[in-house]
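Open the model in your viewer and keep the selection tool at hand. The tour goes from stop to stop, with something to select at each.

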Amino acid sequence: MFRPKALGGALTALATVAAGVFIAAAVSTTPASAAGTGTGYLHTNGSQIVDSTGATVRLTGINWFGMETDNKTFHGLWSSNPWRGQLDTMARLGYNTLRVPYSNDALKAGATATGINDFVNPDLIGLSPLQILDKVIDYAGSKGMRIILDRHRPTSAGQSPLWYTSTVSEATWINDWKMLAQRYAGNPTVIGADLHNEPHAEGTNPAATGACWGCGDTARDWRLAAERAGNAILGVQPNWLIFVEGVSCPSGGLSNVWDNDPSNDEDCGWWGGNLSKAGQFPVRLNVANRLVYSPHEYATSVYRQTWFDAPDYPANLPAIWDKYWGYLYKQNIAPIMMGEFGSTLADPKDKVWLEKLMAYTGTGVTGMSFTYWSWNPNSGDTGGIALDDWTNINTTKQAILQPYLIAPSGGGPTGGPTGGPTGGPTGGPTGGPTSAPPGACTATYRQVNAWQGGFQGELTVKNTGTAAVNPWTVTWSWPSGVTLGSGWNATVTQSGTTVTAAAPSHAPSLAAGASVTVGFTANGTASAPATVKLNGASC
């Protein structure tokens, strides 16, 4: 997208995803899994992340970028899907953690957030980037999600190989981290700090100037810098996890293959993805059980590494991952949380890569943690889980990730998009709609926001019957003069004073005990939905 990942990778401009790759979908509404992200603050135990009770937790999250760019806040706030609606979708799909990239520019006094659709996000008008982040953290926390803050760039202009630049000092980097740790102290929704995004090589060996690992040069040794920053943060907030990425080349420089000197040549990986020296030179923190290693891993749509064209591909992949970072998990040294991985899946090899990578992380709660890159469709080199409307999703990607997702407590389904690209309604023998018996549903309304001339709300309808309702349709009435602005999580239409929210064709079934939350904005005086019905039966 906006940063090359690998040795020799070219900078890729922001772009919308190619047409024809994705199939639009709405989210599933099957019941939530409990205990998705645990209780209280998290810490580590060998290769596992555990909660305050000692229960094992697996972070299965997603990146939502934008706060590191010139907008200084989340991208997609310009869309017709309100920010809460986007978080609702993430949680319902099973993403229990949100990794939030930021730049130090967004933290400055007087920083201004731009690119916000005031009509659908009126509650964000006039807020600073940090104030918007506060609201996202609060709402994500209410859904049982966790937040990892990621110092992605020193400035919004671009990434840097080292954790400091000529204009953003190491002291600024650390002081801003301490400020964030103090700001969110006592809020266990925010679980930790990803110290610096993708440290990488610069310069040609033997004259390396980029981030090294274990070289001992305090100006370039990322391992030592991670210790300084991590310990400073833990001095303010000892409950946080410290997420440490790798480098690209442990020497900090690019191999000089033209000098015929093998001593200058080494095996390099993705930016931030090479933790091969962490076993020999571990990060040492003053608070025990707080270290999580966080490599990045990408496919050919970012850069065509040599291993993608090896004759034994994809059988060669596990050994590559073992070498760069997997050994840390397998040898019970520390947990792994893949901070970024993704692809457009335009190349068939990439689909195989993603399937193999997810299988490598393991299944169930003891598997490796991850945050997928990204929610955003405007990641030019990977695309996103969201489609260009920031509402519907890429079912091809989601179907591969779904078996590994553990939904946040109260966040939504453990199941993925029903049907998928080739699936359809899963109705009874005749395929017709299933009616709901009277009293077989409950309805709960929450007014999210209100402003001059309009409001935003969420209507949650639960199927309290003993059988699935398929396909489901929710209706309600509004007073005369109240009109629909936009809706999500269903196809929402209005006729007169009656509003109809219809299930999508590929996810038509509302299982017994399951709930669906229909979000909307409306024009007129704020009014709660009245006479709510599920397939004609009053709730």
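A residue counts as buried when its relative accessible area is under 20%, as exposed when it is over 50%, and as partly exposed in between. Keep in mind that this is a predicted model.

**Stop 1: N289.** Select N289, in the loop between β8 (241-244) and β9 (291-293). Its relative accessible area is 42%, so N289 is partly exposed. Phi of N289 is near 60 degrees, a positive value in a residue other than glycine. Most residues other than glycine have a negative phi.

**Stop 2: the loop between β7 and α4.** Is E198 buried or exposed? The relative accessibility of E198 is 0%, so it counts as buried.

Now select H200, placed in the loop between β7 and α4. H200 is buried, with a relative accessible area of 6%. Which residues does H200 touch, leaving aside its neighbours within four places in sequence? The contacts are S160, P161, G210, A211, S248 and W271. Draw a distance from H200 to A211: they are 11 residues apart along the chain, and their C-alpha atoms are separated by 5.2 Å.

P206 also lies in the loop between β7 and α4. The peptide bond that joins N205 and P206 is cis, with omega about 10 degrees.

**Stop 3: P314.** Move to the loop between β10 (296-298) and α5 (317-330), where P314 lies. The bond from Y313 to P314 is a cis peptide bond, with omega near 5 degrees. Most peptide bonds are trans.

**Stop 4: helix α3.** Select residues 170-183, the 14 residues of helix α3. At 1.5 Å a residue the helix should span 20 Å, and its end C-alpha atoms are 20 Å apart, which agrees. Colour W173, I174, D176, W177, L180 and A181, the buried residues of α3. They cover an arc of only 160 degrees around the axis, so they are on the same side of α3. Show their partners as well: the buried residues of α3 pack against β5 (97-103), α2 (129-142), β6 (146-153), β7 (190-194) and α4 (222-236).

**Stop 5: a cavity.** How many cavities of 30 Å³ or more are there? The count comes to 1. The largest cavity has a volume of about 50 Å³. To find it, select its lining: S47, Q48, I49, V57, Y329, P335, I336, T366, G367, M368 and S369. The lining divides into 6 nonpolar, 5 polar and no charged residues.

Definitions and conventions: Residues numbered from 1 in each chain as written. Predicted model: local features only at pLDDT ≥ 70, side-chain atom pairs only at ≥ 80, totals over all residues. Heavy atoms only, no water. 1 Å grid on protein atoms, 1.4 Å probe; cavity = no way out; pocket = protein on both sides within 12 Å on 5 of 7 lines; lining within 4 Å. Points joined across faces, edges and corners; volume = space filled by probe spheres on them. Nonpolar A, V, L, I, M, F, W, Y, C, P; charged D, E, K, R; others polar. Helix = DSSP H or I, 4+ residues; strand = E, 2+ residues; numbered from the N terminus. Expected span 1.5 Å × (residues − 1). Buried < 20%, exposed > 50% of the residue type's maximum accessible area, 1.4 Å probe, protein only. Arc of directions from axis to C-beta. Contact = heavy atoms within 4.5 Å.
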